[in-house]
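I opened the notebook to record what I looked up about a ligand site and a chain interface. My entries follow the structure.

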Amino acid sequence: MNTIYQPAIHFHNIDYEIDGHKILQQITGSFPTGYITTLVGPSGAGKTTLLKLCNGLISPTAGEIYINDKPINTIDPVLLRRHVGIALQSAPMIKGTVYTNLSLPKKLQGISLSREEAISFLEDVGLDQSFLDQDAMDLSGGQRQRVSIARTLVNKSDILLLDEITSALDQNSVKEVENLIVKINKKYNVTIIWITHNLEQAIHIGHYTWVMMDGRVIETGESTFLKLPTKELVRQFVQGGLA
Amino acid sequence: MSFTTLSLTLLFVFIPLILSKTLHLGLEKDTIIATLRSIIQLLAVGYILKFIFESDSLLYILLMIVLMVVAATLNARKKGANIKGITWKVAITLITVEIIVQSILLGFEIVPATAQYIIPISGMAIGNSMVLAILFLNRFQGELDSHKDETELILSLGGTPKQAIHHQLITAIKASMIPTIESQKTIGLVQLPGMMSGQIIAGADPVQAVQFQLMVLFMLLTSAAVSSSILGFLSYPTLFNDRMQMLKEKF
Ligand SMILES: Nc1ncnc2c1ncn2[C@@H]1O[C@H](COP(=O)(O)OP(=O)(O)OP(=O)(O)O)[C@@H](O)[C@H]1O
Ligand SMILES: [Mg+2]
């Protein structure tokens with residue numbers, strides 16, 4: 001990477017193990033402030049695990065993570081998670097209506113979210129206000145994913161972690177969500193880390209891209225490197241992925 | 001009842017034994033063990049109680065209560081192997097229930113402070129509390145397993161462990177209390193409660209027996225509510241670490 005930037009998140013020699021299995025190994029690198037970094041790699045590569053490390057849902061077995069140059073362990077977990085928001089891969093919903101779900105981040109802080117605010121978050125993700133009182137359990141996969149994104153946006157985090165947030169969406173909705181995230185990135189200088197299986201998305205949305213495989217980061221750089229990969233492993237992945 | 005008449009009641013044991021044999025239920029061994037154990041355990045308790053009643057010493061009463069708490073704790077803790085320090089948590093729960101129950105009953109002089117009252121009532125309070133603890137722990141674990149994603153979601157949005165587990169905790173507390181409440185709604189309609197029946201058979205005035213039964217029922221409501229709430233609030237913090245992360249092995 002040739003731009004000079006401030007790292008929003010910096011990983012230093014990160015290992016992550018579960019029951020003796022090495023899920024992540026020797027990960028070092030930065031996510032620059034105000035940029036979109038896309039994260040690609042085969043299923044099981046450790047992308048979600050890496051994302052969960054960033055907002056402290058899990059802690060590394062070894063190594064140090066810094067958020068805006070502060071060791072992650074010195075930040076209060078509640079503040080950390082509001083500052084570094086995540087949209088989880090499974091887009092889980094709590095029991096209740098869409099409104100219940102959208103107001104959850106505020107409710108956890110003892111504040112309420114007005115219906116007007118909730119509607120504006122819904123519209124941001126391309127859902128109209130008629131969804132507000134719908135039972136969240138009745139949403140389709142794509143609607144659920146959009147409510148999950150909207151809910152993550154409620155905390156107005158400075159860093160956003162997005163885990164395959166468009167995997168269940170149709171072409172048009174994908175474009176809408178992409179435009180929304182790009183807008184948030186530009187307008188509020190929000191740092192974004194976006195996991196995707198869609199390599200075209202990784203290239204055209206990302207400023208930077210990390211390629212992960214088997215718990216390791218095998219290549220990083222400006223996203224365009226995916227078009228003409230030099231490393232053999234990345235080339236194989238890209239060819240398989242585009243096919 | 002004499003022991004000779006009592007031995008006639010063993011006919012009630014032979015009937016299931018014969019059925020088990022002819023229908024190949026394979027329950028003969030368990031039936032015999034259950035019979036022998038109940039004879040030995042209850043007779044032992046009977047003689048111990050007789051001894052304690054006659055001595056009427058506070059020390060023996062306390063000893064008896066301690067014994068009940070220990071036995072109930074050992075039984076209930078098996079269901080909470082997942083929870084750190086479960087033995088102490090269950091013991092504290094049972095002791096709290098016992099203290100509340102006896103403070104009200106003895107404090108307001110509702111029953112006389114003698115072994116004859118204290119011990120059976122303690123037995124019911126502690127026994128019920130143990131059952132509630134088991135019901136609660138079972139349900140709580142089930143709720144944790146089935147709502148793992150929601151727990152993680154709430155943590156991920158900046159919720160505290162207490163917020164993340166609140167729904168599961170409340171559901172489990174509620175679910176464990178419902179049988180106690182429900183059974184009281186129909187009580188007396190179909191089946192007379194065991195204690196009341198016992199008193200009536202032993203010759204007590206039915207209205208007097210009903211009064212005692214009501215006292216016990218009300219006490220069991222307290223026992224149920226207090227048991228699952230205390231155990232719930234003692235248990236949930238052990239499921240997270242100090243970075244507010246879910247401990248993987250607990251969910
Ligand atoms: N809680 C867990 N317990 C055991 N193994 C886990 C756990 N979480 C992740 N793993 C393992 O870690 C590896 C990486 O998982 P992770 O979810 O990070 O992959 P991913 O790159 O996000 O995959 P996908 O693209 O399918 O979402 C996988 O092999 C997975 O089985
Ligand atoms: Mg994943």
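**Ligand site**

I began with the surroundings of ligand 1 in this predicted model, and I found 14 residues around ligand 1, the closest being A:Ser43, A:Lys47, A:Thr48, A:Thr49 and A:Gln89. I then checked which chains take part: residues from chains A and B surround ligand 1, so I noted the site as shared between chains.

Sorting the shell around ligand 1 by class, I counted four nonpolar, seven polar and three charged residues. Helix H1 of chain A, residues 47-54, gives the most to this shell, with three residues.

Next I looked up distances to oxygen atoms of ligand 1. An N or O atom in the side chain of A:Thr49 is 2.5 Å from one, a polar backbone atom of A:Gly44 is 2.8 Å from one, and a polar side-chain atom of A:Glu164 lies 3.5 Å from one. Taken alone, ligand 1 exposes 640 Å², and the protein buries 61% of that.

**Interface of chains A and B**

I turned to the interface and found 17 residues of chain B in contact with 29 residues of chain A. The area buried between chain B and chain A is about 2,000 Å², with carbon and sulfur atoms giving 57% of it.

For the polar part, I noted 12 residue pairs in polar contact between the two chains, both residues at pLDDT 80 or more, and two salt bridges. One of these joins A:Asp19 to B:Lys248, whose closest N and O atoms are 3.2 Å apart.

On the side of chain B that touches chain A, helix H7 of chain B (residues 148-156) provides the largest share, seven residues. I recorded the residues of that side as five nonpolar, six polar and six charged.

Technical notes: Residues numbered from 1 in each chain as written. Chains lettered and ligands numbered in written order. Predicted model: local features only at pLDDT ≥ 70, side-chain atom pairs only at ≥ 80, totals over all residues. Heavy atoms only, no water. Near = heavy atom within 4 Å. Polar contact = N/O pair within 3.5 Å; in protein donor to acceptor, adjacent residues only side chain to side chain. Areas by Shrake-Rupley, 256 points an atom, 1.4 Å probe, with all protein chains shown as cover. Helix = DSSP H or I, 4+ residues; strand = E, 2+ residues; numbered from the N terminus. Nonpolar A, V, L, I, M, F, W, Y, C, P; charged D, E, K, R; others polar. Contact = heavy atoms within 4.5 Å. Buried area = accessible area lost by both parts, 1.4 Å probe. Salt bridge = Lys/Arg side-chain N within 4 Å of Asp/Glu carboxyl O.
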